[in-house]
Amino acid sequence: KKGLKPFSVSVGLNNAFNDFRYDPKIVYDPIEDKFICVMLNGTVQYNYIVIGFSQTNDPSGTWNFYKFYGNYDGDTTWFDYPQISITQNEFFLTGNKIMFDSSWQAGFRKTVIYQIRKADGYTGAASITYRIWDSIQYNNKYLRCLYPLNPADVIPGPAQYFLSNRNFDVTNDSVFLVKIPDIIGATDSTLTVTPIVSSLP
């Protein structure tokens, strides 16, 4: 047994103040026969996302760890509620950006998607290739909570789909299908949001 912090100590987040790991997620990649894990560290201005890629198919072996700052664009928000998925080439992480010193309900700012090249993480590249999608809206309103779709019998790709709804409304008639169609760097890669409206709320 090993706690989350000792397991990921190589990422370098070892300060005494507001330094704790939580919300772990892990996925097995059958294409590479390896694992990817995510955990969060700290809150508000001390918030980081910790992502690990196993070097082998032994989860007790060596991992390559990376960290991403939750308040990456200086808008005084932190990253919460991680959800993960993989495609043939990439790893996807979604989460909600929450305003400092506010509740997760009232402080919601927007939901973002990290799109990350798996190969960089598995090889332990010094600089990992990624993109952040952070303007995911419908009718000028940010979508809240995006759940990546994970087929049970096949690893999708290159496209990745996500679902959301009006999850704080008393009644709701819409599901939003979000699609990222291609790998990082593709010239025609444009995120799309398609509403699916029910005849019954």
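In this predicted model, Val38 stands opposite Ile51 in strand 3. Strand 2, covering residues 34-41, and strand 3, covering residues 48-54, run antiparallel and are joined by six bridges.

Strands of a sheet pair through backbone hydrogen bonds, in either a parallel or an antiparallel manner. Here, an open sheet is built from four strands in the order 1-2-3-4, and the pairing is antiparallel. Strand 1 (21-29) and strand 4 (63-69) stand at the edges; each has a single partner strand, so one side of each is left without a neighbour in the sheet. From one strand to the next, the twist averages 15°.

Rolling a probe the size of a water molecule over the atoms shows where empty space is left. When the whole structure is searched, one cavity of 30 Å³ or more is found. The volume of the largest cavity is about 30 Å³.

Which residues line the largest cavity? The lining consists of Tyr81, Gln83, Thr94, Gly95, Asn96, Cys145, Leu146 and Tyr147. Strand 5 (77-86) and strand 6 (90-99) each supply at least two residues of this lining. Strand 6 provides the largest share, namely three residues.

Technical notes: Residues numbered from 1 in each chain as written. Predicted model: local features only at pLDDT ≥ 70, side-chain atom pairs only at ≥ 80, totals over all residues. Heavy atoms only, no water. 1 Å grid on protein atoms, 1.4 Å probe; cavity = no way out; pocket = protein on both sides within 12 Å on 5 of 7 lines; lining within 4 Å. Points joined across faces, edges and corners; volume = space filled by probe spheres on them. Pairing = 2+ DSSP bridges. Axes fitted to C-alpha atoms, helices over the stretch in contact; angles between N-to-C directions.
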